[in-house]
Amino acid sequence: MAKDDKHVPRTMPVYSSTFTPEINAEIRRAAATGIYDIRGGGAKRKVPHFDDLLFLGASVSRYPLEGYRERCDTNVVLGTRYAKKPIKLDIPITIAGMSFGALSAQAKEALGRGASAAGTSTTTGDGGMTPEERGESKTLVYQYLPSRYGMNPDDLRKADAIEVVVGQGAKPGGGGMLLGQKISDRVAAMRDLPKGIDQRSACRHPDWTGPDDLEIKILELREITGWEKPIYVKVGATRPYFDTTLAVKAGADVVVIDGMQGGTAATQDVFIEHVGIPTLACIREAVRALEDLNMHREVQLIVSGGIRSGADVAKALALGADAVSIGTAAMIALGDNDPKWEDEYRKLGTTADAYDDWHEGQDPAGISTQDPELSSRLDPVEAGRRLRNYLKVMTLEAQTLARACGKNHVQHLEPEDLVALTMEAAAMAQVPLAGTSWWPGKPGTQF
Amino acid sequence: MQTFDLEANGLRGLNEALQAQSQTTNATAWEVVNPRGSHAVAVGLDAPIEVTVKGSTGYYCAGMNKQATIHVEGSAGPGVAENMMSGTVIVEGDASQYAGATGHGGLLVIKGNASSRCGISMKGIDIVVQGNVGHMSAFMAQKGNLVVCGDAGDALGDSIYEARLFVRGSVKSLGADCVEKEMRPEHLEILADLIERSGVDAKPEEFRRYGSARKLYNFDIDNAY
């Protein structure tokens, strides 16, 4: 039989599980350019997440609250430990730090408008505080970052809270990046940098190292601001038990833990996908640290990284968080990655819902850009309205789930209300595998 | 002259009193006694007052200073005059790490030596060190002038942006992207002004200038697409 006989069955082409088309494409890209892939967003790989948890709801032993009639509160107070003026929010969903520079001024204004309308806070980023953002944000958290771009005592005093950023989930141990396309005249002036350079901000603070120094740094910030403002300490999720313990010992009012699904404006893909741990894996360990110090609820815990829905909010709260923070989801609510811009996404070599080259400054939605024409596409009033609506829906969803569990405040949700669908999620969340009373690592068990 | 006993009356009372001073205050001269290495002494000031600290301080003395003149009659711990916006800070003794870190403006004079990372991430401040500076000084320095009358340690000006570094003595090594640059007349003028304002016994011609080679300003991409 001839080898080229068309009737001979052929082995089907088989893609390697190791050298997938995606991997091969990246090898080719690296070979062509000589630079690692830079992108925005958080981890795209599949990791155990809130989807792997379920609420048990009411049963014979638990009774629910009436869906629309019985009260289920959502307010939260942050900064009760030392601050003279703690932050009082209507909902336990805050807007995470995103910089002017990474985002357009219109996007920052929209975040302020949406957050304020929903009764929550928004946060500055690695570029200082803009008047638009301060003006439109009823409650504004001012990030204190390693770069200290735009840092000054006047803005510090204008803030409602201060967030000392040690790290973020997308890149624990990494600094910021803002490529030249986005260093406009205004961004350059605010950061004291030359226009158009590829800017890399520092990965650690210039004037303190370690928890003992951090305690003194927090003292200085409190002294400058009259002990009025809550001081948050934000860390990327890596060693949540120890980081939480040390942040509390350093004097934090609030600890913010950002899981690996949390987004960034720009960093190396290898960093995003290979450093840090999933959001789900850090909450119980952070809560354990707070409980060991007798500080749970005295020092508040904010969790971020991949929060998308009221279900995610409710599950984070049930695991012990006081509030959550959203970044990527807020951008999508504003209009990021909307299929209505598909033609333009295609021209950029991508597609809606996959666009992550936020660092290039060509965002068709006008959000992650400094291009005047593109950024003018975003109407801050309309985008702010969308964000408010989205926050409202998340809140209603979280209330729905809390009522189903018989809770008259979303913060009353507890681990006992949850089960896990997978062994991994059960181990990370420390709740039983569905239909069992067991999870891997449960005290008193052999596993 | 207002005298404040830090040991007796506490840090909060001191900073509250100093921060309460306005542009038109009559209480323009303050003396702080018994600092005993306290942290965050005279931070966040924003008035044209003169504060003399009678002894050594801990971390972050004169942090985020605006307008005030703060004189430390001793040595200063880490982060003296960090993020200073304007005004003048003078340290009679030595300064520990991160002196003048991220400072946006004003003048910091250190009459002794400064430890490592002096002027780290400086953003417009002028720093004059009459002695030596330690390693990694002016790391990621963005704007402003660092004048070192003695020697500089390893990796001076690593990853520097547009700050100007002037060193009279030796430089143990230069950091990434930091190079020696031509001393032009405008630089001699800047130096002469800083030497005069800081009361240093030196001549501008004795210094060499260092700055950014600007080779790290953009990613090195072989074939961008």
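Analyst: Two strands pair if DSSP finds at least two bridges between them, and the strands themselves are DSSP runs of E with at least two residues, while helices are runs of H or I with at least four, both numbered from the N terminus. The model is predicted, and for that reason local features need pLDDT of at least 70 and side-chain atom pairs count only at pLDDT 80 or more, whereas totals for chains, interfaces and linings use all residues. Residues are numbered from 1 along each chain as its sequence is written, with chains lettered from A and ligands numbered from 1 in the order in which they are written.

User: How many bridges join strand β14 of chain A to strand β15 of chain A, and how do the two strands run?

Analyst: Strands of a sheet pair through backbone hydrogen bonds, either parallel or antiparallel. Here β14 (residues 300-304) and β15 (residues 323-326) of chain A run parallel and are joined by three bridges, and Val303(A) faces Val324(A) of β15(A) across the pair.

User: Which order do the strands of the open sheet in chain A have?

Analyst: The eight strands, with parallel pairing, follow the order β5-β15-β14-β12-β11-β8-β7-β6 in chain A. At the edges stand β5 (93-95) and β6 (121-123) of chain A, each with a single partner strand, so one side of each has no neighbour in the sheet.

User: Is helix α10 of chain A mostly covered or mostly exposed?

Analyst: A residue is buried if 20 or more other C-beta atoms, placed from the backbone, lie within 10 Å of its own, exposed if 12 or fewer do, and partly exposed in between. By that count α10 (residues 310-318) of chain A is mostly covered, with eight of its nine residues buried, including Gly310(A), Asp312(A) and Lys315(A). Just after α10(A), Gly320(A) has a positive phi of about 125°.

User: How many residues of chain A are in contact with chain B, and how many of chain B with chain A?

Analyst: Contact means that the C-beta atoms of two residues, placed from the backbone, lie within 7 Å. On this basis 22 residues of chain A meet 38 residues of chain B. On the chain A side, α1 (21-33) and α6 (210-224) each supply at least two residues, and α6(A) gives the largest share, five residues. By class, that side of chain A has 12 nonpolar, four polar and six charged residues, where Ala, Val, Leu, Ile, Met, Phe, Trp, Tyr, Cys and Pro count as nonpolar, Asp, Glu, Lys and Arg as charged, and the others, Gly among them, as polar.

User: What does the secondary structure of chain B come to?

Analyst: Chain B has three helices and 11 strands, which from the N terminus run β-α-α-β-β-β-β-β-β-β-β-β-α-β. Its radius of gyration, taken over C-alpha atoms, is 18 Å, close to the 17 Å of the globule rule (2.2 Å times the number of residues to the power 0.38), so chain B is as compact as a globular protein of 225 residues. The C-alpha trace of chain B spans about 65 × 45 × 30 Å along its principal axes, and 55% of its 225 residues count as buried.

User: Where in chain B is Ala213(B) found?

Analyst: Ala213(B) belongs to the segment after β11 (208-212) of chain B, and it counts as partly exposed because it has 16 C-beta neighbours inside 10 Å. Leaving aside neighbours within four places in sequence, Ala213(B) is in contact with Asp177(B) and Val179(B), while Ala176(B), 37 residues away in sequence, lies 9.0 Å from Ala213(B), C-alpha to C-alpha.
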